[in-house]
Amino acid sequence: MQEKALIMDDKAMDRAITRIGHEIIEKNKGVDEVALVGIKTRGVPLAKRIAKKIEQIEGKKVTVGELDISLYRDDLSEKADQAVVKESNLGFDVTKKIIVLVDDVLYTGRTVRAALDAIMDVGRPLTIQLAVLIDRGHRELPIRADYVGKNVPTSKLEVIKVSIEDVDGKNYVSINE
């Protein structure tokens with residue numbers, strides 16, 4: 001797979017994360033009931049970075065949980081014979097919380113649907129919102145993000161690669177063919 005274009009460098013990612021943090025605070029009139037839930041794998045470090053930005057802005061810590069949606073996917077049989085389940089570590093009760101699901105790329109909406117099912121299985125939040133670094137379009141389900149770092153129109157043949165320092169050693173987003 002060949003890199004076609006660099007979409008975001010480290011500084012652009014940081015600006016997008018800062019903007020998302022501000023938007024979360026504004027929309028929810030503060031962060032008292034807000035908890036961020038990162039969808040494994042790259043949603044988790046993104047959620048932590050957003051939480052850090054919110055703490056810098058508001059002076060309040062935001063709870064961050066980790067969610068593994070492997071068993072909730074509707075394409076499980078297409079992915080592998082045996083699902084590799086990573087541990088979900090919410091570490092808090094979602095009931096009556098404003099949950100902000102965090103993921104790197106929004107594409108068909110199927111990952112988000114699986115995450116919604118996983119969250120609802122552990123409690124009943126006040127509301128669930130969605131924050132994504134990249135929205136690339138091509139939805140198959142009626143799902144939209146509340147907070148978007150960048151909209152990147154793509155063809156179905158293109159691939160968005162999100163690289164996050166905590167996972168990949170570097171921060172950037174590229175489009176590949």
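**Charged side chains and their salt bridges**

Lys60 is partly exposed, with a relative accessible area of 36% (partly exposed lies between buried, under 20%, and exposed, over 50%, with a 1.4 Å probe and protein chains only). The structure is a predicted model, in which local features need pLDDT of at least 70 and side-chain atom pairs count only at pLDDT 80 or more, while totals for chains, interfaces and linings use all residues. Residues are numbered from 1 along each chain as its sequence is written, and side-chain values use heavy atoms, with hydrogens and water left out.

The partner of Lys60 is Asp32: the two form a salt bridge whose closest N and O atoms are 2.8 Å apart (a salt bridge being a side-chain nitrogen of Lys or Arg within 4 Å of a carboxyl oxygen of Asp or Glu). Asp32 sits in the loop between α1 and β2 (34–39) and Lys60 in the loop between α2 (43–58) and β3, so this pair ties together parts that are 28 residues apart in sequence. Helices (H or I, at least four residues) and strands (E, at least two) are DSSP runs, numbered from the N terminus. Asp32 counts as exposed, at 57% relative accessibility.

A search of the whole structure finds 14 salt bridges. One of them joins the side chains of Glu177 and Lys4, at 4.0 Å from N to O. Because Glu177 lies in the segment after β8 (172–176) and Lys4 in strand β1, the pair ties together parts that are 173 residues apart in sequence. Glu177 is exposed at 57% relative accessibility, and Lys4 is partly exposed at 45%.

Arg110 and Glu140 also meet through their side chains in a salt bridge, at 2.6 Å from N to O. With Arg110 in helix α4 (residues 110–122) and Glu140 in the loop between β5 (127–135) and β6 (147–151), the pair ties together parts that are 30 residues apart in sequence. Both residues are partly exposed, Arg110 at 26% relative accessibility and Glu140 at 45%. Salt bridges that share partners, moreover, join Lys4, Glu158 and Glu177 into one network.

Asp68 is buried, with a relative accessible area of 9%. Asp9, by comparison, is placed in the loop between β1 (3–8) and α1 (10–27) and counts as partly exposed, at 38% relative accessibility.
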